[in-house]
Amino acid sequence: MTVAELTLLGGFEVRLASGTPVDLTGQKERALLAFLSLTAGVEHSRDKLASLLWSDRSDAQARDSLKHAVTRLRQCLPPAEPPAILADRNMVRLDPSAVGTDVGAFERLASEGTTDALERAVALYRGDLLEGISIRDPAFEDWLLIERQRLRQRFEEALSLLMSRSISAGARDRAAESARRLLSLDPLRESAARALMQLHAERGEAAQALKLYEGLRDRLQRELGVKPEVETTQLYETIRQRRSAPQLGQQSSPDEAPPPSTLGKPSIAVLPFENLSGDPEQQYFSDGVTEDIIIELSRFRTLFVIARNSSFAFKGRSLKVQEIARELGVAYIVEGSVRRAGERLRINAQLVDAATGNHLWAERYDRDMRDVFALQDEVARSVASTVSGRVDAAGRERVERLSPVALKAYDLVLRAKALTLKYTRDNNAQALASAERAAALDPTSARAHAHAAWCHFYNYMASWVLDREGALAKAFDLARHAIELDESDGFGHIMLGIIQIFRREYEEARAEIVKAIELNANDPVARRYNAMYLAATGSAEAAVEQIELGRRLNPFDTRWVPWDKGIVCFTARRYEEAIAALKQARDPINEVRGWLAASYAQAGRLAEARATLEEFLRIAETDMAVFPGRRLQDWKSYWHGAFEYRDQADFAHLYEALRKAGLED
């Protein structure tokens, strides 16, 4: 039975269930009750509580002070059965059903995540935990600081989610209030500043929007020595230009408006490719290449792609890339040229970072012009998949430099991806935390849930946790939920498919991977995992073809492709190709060394096999949750987690290689 309610956010107050206030004036008595209520149900030793609040006194004096404080608390709270505060000579415990707190209500509502619950949660947060209470004891100060930071972070996350939901629902007043509260907590939070700028602009308050930007820009320069993010500057320029448009007698067009809620997706425009053939009749071809690239890029759901009509409005205009990007409100530009000479064709394409004007990527394609339409399709797909990969990589590099507290859900997913690709246990744990936080910020994010599945799958595959089967089960459930949230996102299908391989559900795995390819035939990840499925089920030669297709779709991948190609080529008994591929892997996960040792062994290069296996074992000893030792039999569970062949003959082939490399029978 609840006998009292505590207000701990923004101050301290105790009221009995009847509403009567409780007179508890002692600072340390308040601190003790707050600590016990926030750890309700936990038995605390008297020594711990004494050192928490009275560490400046002798042990006997500290325990005596604690005894008097507990007695005072018991006198303030009405009698109940069981008692609100349970204590004996050694411990003190608060009955969790006896005292309610605004902190507990706040955390429950924030976790519930509905718009109504979020509104109620942020209303409860009237200030920092135990505001106004000052206990000069290092242990208590440390605990209070950590709890304040944790609760403030939860508050900021709830406000961010409420702001996003309110914008989507058209509840502008609520969105503006959330943005203002976020800025009061963190004046450098650009996502809140952009939202508030956008809301001011929609209300016709352009001057306030521009003033908000200028204040943010000055603070960023003064406090951090940095400029605002590209998205913030682009929004500022768009609002400024629209504000000045009537004075210039110009008509505003829909293309000049800031991109609607593209927060979280890298924005990109493909400019009309220049016809350098010297023949105006060939303009159709360069226009066709441009249109096809736009269509293919649009298949990538992680990008916001400007439509053809908007991009082609800049055809023939002499403007800098940065100016065009500002007008279109995009972060990246693809531009290029087409030159035809007889039956030969040269296409140049390049990706430009609009903020800096730097070229992130450039490629030249020289082809025979036997089938013009097939050529258009080939170049469009190659450019689209490569550009998508480079934009994704640039985005990961950007978010790695941001403060974790300020990241949006999408940025958190990108951060998780960047951490996952470092292939270490610690980075994977951080990646999982980022993905889970993204899912908490945006429970509808299929990508967040799919990436959390990926992290759990890595824990299973690399033996980074004691409960490997539990990790695989979590990965399976999260991948299924990702598909429930968005059936049209291929990454969820990819994750579910690869997990089903390790559950030995091969037909189900095939269906999911095929679905991912149907959703986007240019997705190199889908192609790679299709290769892994084929290799696992006895079609290694076909798997090699899929790996090569994946490599062509994203030739800059130096992490996944060498790893997967090495496994596929080893399975296909192409040992030298496997060795060449595995040696190219950059910052590899330790498993790669195991496959390399096996490939060396089957290629007859036994000295290199043994040296590589020793390196693999040395790293595994500290990397794995449980190190199996040197006996091959004890490693079999690990290798089933590394790659789940359907046929035992393929496992026998792998075990033979590891035995040759030096694992003992």
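Helices (H or I, at least four residues) and strands (E, at least two) are DSSP runs, numbered from the N terminus. The model is a predicted one, in which local features need pLDDT of at least 70 and side-chain atom pairs count only at pLDDT 80 or more, while totals for chains, interfaces and linings use all residues. Residues are numbered from 1 along each chain as its sequence is written, and side-chain values use heavy atoms, with hydrogens and water left out.

Is histidine 493 buried or exposed? With a relative accessible area of 6%, histidine 493 is buried (buried means under 20% relative accessible area, exposed over 50% and partly exposed in between, with a 1.4 Å probe and protein chains only). Apart from neighbours within four places in sequence, histidine 493 is in contact with Ile483, Glu487, Glu512, Ile513, Lys515, Ala516 and Leu519, where contact means heavy atoms within 4.5 Å.

Now for the chain as a whole. The protein chain holds 28 helices and 12 strands. Of its 665 residues, 53% are buried. Among contacts between residues at least 6 apart in sequence, 62% join residues at least 24 apart. The accessible surface comes to about 29700 Å², and carbon and sulfur atoms account for 48% of that surface; accessible areas come from the Shrake-Rupley method with a 1.4 Å probe, and for residues only the protein chains shown count as cover.

Two helix pairs come next. The axes of helix H1 (residues 27–38) and helix H3 (residues 59–76) come within 10 Å and cross at roughly 75 degrees. Axes here are lines fitted to C-alpha atoms, for helices over the stretch in contact, and angles run from 0 to 180 degrees between N-to-C directions. H1 and H3 are therefore roughly perpendicular to each other (angles under 35 degrees count as roughly parallel, over 145 as roughly antiparallel, 65 to 115 as roughly perpendicular and the rest as oblique). On the H1 side, Glu29, Leu32, Leu33 and Leu36 meet Leu66, Ala69, Val70, Arg72 and Leu73 of H3. The residues of this contact divide into seven nonpolar, no polar and two charged; Ala, Val, Leu, Ile, Met, Phe, Trp, Tyr, Cys and Pro count as nonpolar, Asp, Glu, Lys and Arg as charged, and the others, Gly among them, as polar.

In the second pair, helix H25 (residues 590–602) and helix H27 (residues 632–642) pack at an angle of about 105 degrees, with their axes 12 Å apart. That angle makes H25 roughly perpendicular to H27. Glu591, Gly594 and Trp595 of H25 make the contact with Tyr638, Trp639 and Ala642 of H27.

The strands complete the picture. An open sheet of three strands has the order S2-S1-S6, with mixed pairing; two strands pair if DSSP finds at least two bridges between them. Strand S2 (13–16) and strand S6 (99–101) are the edge strands, each pairing on one side only. From one strand to the next, the twist averages 25 degrees. Strand S1 (residues 4–7) runs antiparallel to S2, joined by four bridges, and glutamate 5 stands opposite arginine 15 in S2.

Elsewhere, strand S11 (residues 344–353) and strand S12 (residues 359–368) run antiparallel and are joined by nine bridges. Which residue in S12 is the bridge partner of leucine 351? The partner is tryptophan 361. The hairpin of S11 and S12 has five residues between the strands, and glycine 357 takes a positive phi near 80 degrees there.
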